[in-house]
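Here is a short report on one protein model. The sequence and structure come next.

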Amino acid sequence: MYCAQSCRQRAYERRTAVQRGGLPEDAVVLSAAELANLQDRLFQLRCAAEDVVTAAEDGASAEELRKMAAQVVDVAVELERLR
């Protein structure tokens, strides 16, 4: 079931491209821009996690660490949404 003819067409195009390219059926193909965006968001997540570690090593308060950990979660949630 497809929501529209255009969605059906995109699915067909993806299947055809996968078959022609010799990629596995479950392959995920990203454009260069999508890959760069994903890498940027992963870097942002790593930096946020490193900030928590640094703050903990520097003796940050539990409240400050909680806020920073919540920011890490927010970044991770955004990362889960592949755009």
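Among contacts (heavy atoms within 4.5 Å) between residues at least 6 apart in sequence, 52% join residues at least 24 apart. The model is predicted: local features need pLDDT of at least 70, side-chain atom pairs count only at pLDDT 80 or more, and totals for chains, interfaces and linings use all residues. Residues are numbered from 1 along each chain as its sequence is written, and side-chain values use heavy atoms, without hydrogens and water.

The protein has three helices and zero strands, in the order α-α-α. Helices here are DSSP runs of H or I with at least four residues, strands are runs of E with at least two, and numbering starts at the N terminus.

The overall dimensions and surface are as follows.

| Property | Value |
|---|---|
| Radius of gyration | 20 Å |
| C-alpha span along principal axes | about 55 × 25 × 20 Å |

A compact globule of 83 residues would have a radius of gyration near 12 Å. That rule is 2.2 Å times the number of residues to the power 0.38, with the radius taken over C-alpha atoms. Of the 83 residues, 16% are buried, meaning under 20% relative accessible area (1.4 Å probe, protein chains only).

Helix H2 covers residues 32-57. Its 26 residues reach 37 Å from first C-alpha to last, close to the expected 38 Å. That expectation is 1.5 Å times one less than the number of residues. Buried in H2 are Leu38, Arg41, Ala48, Val52 and Ala55. These residues pack against helix H3 (62-80). After H2 comes Gly59, with a positive phi near 80°.

Definitions and conventions
Buried means under 20% relative accessible area, exposed over 50%, partly exposed in between (1.4 Å probe, protein chains only).
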